[in-house]
Amino acid sequence: MARLLFSVPYVTGSESTYVAQAMASDHWQGDGPFTRRAVALLQQLTAARGVILTTSCTHALELAAVLVGLKPGDEVICPSFTFSSTATAIVSRGAVPVFVDIEPRTLNIDPAAAEAAITLRTKAMFILHYGGVAADLDQLLAIADRYGLALVEDNAHGLGARFRGRHLGTFGTLGTQSFHETKNVAMGEGGALLVQDPELLARAEIVRDKGTNRARFWRGEIDKYTWVDEGSSYLPSDILAAVLCAQLEGFDDIQAKRMHVWDRYDTELADWAGRSGVDQMYVPPERSQPAHLYVLMMPSAEDQHGLIQHLRERDVVATFHYQPLDQSPAGLAFGRAPEPCTVTYDRAARLVRLPVYARMTDADIDRVIEGVTSYTPCC
Ligand SMILES: Cc1ncc(COP(=O)(O)O)c(C=O)c1O
């Protein structure tokens with residue numbers, strides 16, 4: 001039996017046609033017809049006022065760090081339980097990531113811990129919506145407001161996910177998306193910045209295009225473009241944007257297939273989880289989840305290794321997830337944690353992620369479910 005992989009990209013069918021069209025055109029660089037089409041599709045999906053396509057979510061986070069005005073020595077609060085990119089974006093400006101703990105059930109940043117970590121140097125909070133399940137936005141927005149902090153939502157996991165009907169990434173100052181190969185909608189490597197404020201949007205167009213006002217030139221608003229601000233090069237080629245268009249047009253189909261996997265896990269693992277002291281994913285009221293990932297919280301660290309190994313013996317690939325950033329070599333060098341992130345340490349040591357992707361067949365899902373339910377936790 002072939003190995004059941006952890007993540008496989010899904011092809012909607014139009015990718016190669018669109019790539020061929022982009023290549024046959026005379027516009028291979030960024031900001032061409034496919035980029036405009038992808039931006040329109042993302043605006044429709046997220047209802048964000050402005051969308052800036054980027055070469056990765058990491059670059060969207062770096063762009064956000066510039067736009068919120070981070071300076072050397074500023075402090076930025078972020079969860080210890082997130083991907084390195086959330087922190088590298090902060091460090092790229094010479095600012096200091098201040099790592100705080102997460103809530104036990106959603107694995108999202110704990111608002112009380114975030115508030116307790118605020119100092120006179122705190123400039124912003126960079127938060128993650130883990131698995132695309134919204135963090136406690138009511139409390140986090142109130143804290144941002146109370147202390148005059150920018151709130152950047154790393155929504156790498158959450159395309160299509162909502163809180164009270166509104167798309168994640170559109171609540172704070174800025175939001176970021178990832179279109180990495182492992183995400184629901186993929187272009188190999190890619191991302192986007194969601195922007196509500198027109199002034200930030202105008203500056204974002206400049207910063208991501210080598211500090212020039214070339215986007216205004218393309219639109220015919222100025223005769224010549226020139227260097228007007230700091231910047232970098234975060235525009236993806238229109239050839240890659242062609243892939244993204246195909247994926248976004250197939251979004252409903254991708255989501256329906258991924259939801260089927262997620263729903264089967266959730267329903268069919270419930271008895272085993274209840275008997276075995278395993279916690280399934282928790283989606284609090286008023287949130288939707290986008291079927292980006294499915295995690296099981298095992299009773300012990302031994303059982304994390306135990307289940308991953310048990311599945312590996314059945315040629316099914318399951319994994320752990322983020323390792324605490326505050327304990328990582330770079331986290332210790334560049335950041336600090338005012339308090340030990342004990343929930344993060346505990347959850348990182350017990351969490352198991354199961355394969356979730358649109359190409360999974362019912363036989364694949366059966367295989368994962370049989371593999372999981374034939375495991376008996378040891379501790
Ligand atoms: C929370 C989070 N932020 C950012 C990233 C980085 O995304 P990208 O690979 O598009 O830069 C990831 C990657 O998985 C992630 O999980």
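Reader: Is the crossing of H2 and H9 left-handed or right-handed?

Author: In this predicted model, the crossing of H2 and H9 is left-handed. The term applies because a crossing is left-handed if the near helix is turned anticlockwise from the far one by less than a right angle. Helix H2 (residues 33–46) packs against H9 at about 35 degrees, and their axes are 8 Å apart.

Reader: Which residues make the contact of H2 with H9, and into which classes do they divide?

Author: From H2 come Pro33, Phe34, Thr35, Arg37, Ala38, Leu41 and Leu42, and from H9 come Asp238, Ala241, Ala242, Leu244, Cys245, Leu248 and Glu249. They divide into ten nonpolar, one polar and three charged residues. Arg37, Asp238 and Glu249 are the charged ones, and Thr35 is the polar one.

Reader: Why are H1 and H9 called roughly antiparallel?

Author: The axes of helix H1 (residues 15–24) and helix H9 (residues 238–249) cross at roughly 150 degrees and come within 8 Å. Angles over 145 degrees count as roughly antiparallel, and H1 and H9 are therefore given that name. Their crossing is right-handed. Glu15, Tyr18, Val19, Gln21, Ala22 and Met23 of H1 meet Asp238, Ile239, Ala242, Val243, Cys245 and Ala246 of H9. By class, this contact has nine nonpolar, one polar and two charged residues.

Reader: At what angle do H3 and H4 pack, and which residues meet?

Author: Helix H3 (residues 57–67) and helix H4 (residues 84–91) pack at about 35 degrees, with their axes 8 Å apart. H3 passes H4 in a right-handed crossing. Cys57, Thr58, Leu61, Glu62, Ala64 and Ala65 of H3 meet Ser85, Thr86, Thr88, Ala89 and Ile90 of H4. The classes here are six nonpolar, four polar and one charged.

Reader: What makes S1 and S3 edge strands?

Author: The open sheet has seven strands in the order S1-S9-S8-S5-S4-S2-S3, with mixed pairing. Strand S1 (50–54) and strand S3 (96–100) each have a single partner strand, so one side of each lacks a neighbour in the sheet. From one strand to the next, the twist averages 20 degrees.

Reader: How many bridges join S2 and S3, and what number does pairing require?

Author: Strand S2 (residues 75–79) and S3 are joined by five bridges in the parallel sense. Pairing requires at least two bridges, so these strands count as paired. In S3, Val98 is the bridge partner of Ile77.

Reader: Which helices lie on the sheet?

Author: H3 packs on the sheet and touches S1, strand S5 (150–154), strand S8 (174–178) and strand S9 (191–195). Its direction makes about 165 degrees with that of S8. Helix H7 (residues 198–207) lies across S1, S8 and S9, and runs at about 150 degrees to S9.

Reader: Which residues come nearest to the ligand, and what makes a residue count as near?

Author: A residue is near if its C-beta atom, placed from the backbone, lies within 6 Å. There are 13 residues around the ligand, of which Ser56, Cys57, Thr58, Phe83 and Ser178 come nearest. H3 and H4 are the elements that give two or more residues to this shell. By class, the shell has four nonpolar, eight polar and one charged residues.

How values were computed: Residues are numbered from 1 along each chain as its sequence is written. This is a predicted model: local features need pLDDT of at least 70, side-chain atom pairs count only at pLDDT 80 or more; totals for chains, interfaces and linings use all residues. Axes are lines fitted to C-alpha atoms, for helices over the stretch in contact, and angles run from 0 to 180 degrees between N-to-C directions. Helices (H or I, at least four residues) and strands (E, at least two) are DSSP runs, numbered from the N terminus. Angles under 35 degrees count as roughly parallel, over 145 as roughly antiparallel, 65 to 115 as roughly perpendicular and the rest as oblique. Two residues are in contact if their C-beta atoms, placed from the backbone, lie within 7 Å.
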